[in-house]
Amino acid sequence: MPKLTSKTIGLFAAAGIAALAVAGLLNALTLKTFGFTGEAVREGALNVASLVVAFLLVAGIGWRQKDKR
């Protein structure tokens, strides 16, 4: 783990502020522009994340089988 200097703490703070700004922008965009509720956005994000994890698992299993031959 790198040492916590004032520069890294500032970078973490800036990243946190940027993440909050992007989350707020996406919330406003999905709610007002598209009319999606927060629950619908969370459900869609969970479905996409599940598909990505399933793809990575299948790709990893196929890679290991080729490696053992």
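1. Phe-36 counts as partly exposed because its relative accessibility is 44%. The classes are buried under 20% relative accessible area, exposed over 50% and partly exposed in between (1.4 Å probe, protein chains only). Phe-34 reaches 52%, so Phe-34 counts as exposed.

2. This is a predicted model: local features need pLDDT of at least 70, side-chain atom pairs count only at pLDDT 80 or more, and totals for chains, interfaces and linings use all residues. Residues are numbered from 1 along each chain as its sequence is written, and side-chain values use heavy atoms, with hydrogens and water left out.

3. The structure holds 1 aromatic pair. Phe-34 and Phe-36 form this pair, which is stacked, at 6.0 Å centre to centre and 25° between the planes. Rings of Phe, Tyr and Trp (its six-membered ring) pair if their centres lie within 6.5 Å; planes under 30 degrees apart count as stacked, over 60 as edge-to-face and the rest as tilted.

4. Helix 1 (residues 6–34) gives the largest share of the patch, 3 residues. Leu-25 lies in helix 1 and is exposed because its relative accessibility is 56%.

5. Thr-30, also in helix 1, is buried because its relative accessibility is 17%. Leaving aside neighbours within four places in sequence, Thr-30 contacts Gly-35, Phe-36 and Val-41. Contact means heavy atoms within 4.5 Å.

6. The protein chain has 2 helices and 0 strands. These are DSSP runs, numbered from the N terminus: helices are H or I, at least four residues, and strands E, at least two. Buried residues make up 1% of the 69 residues in the chain.
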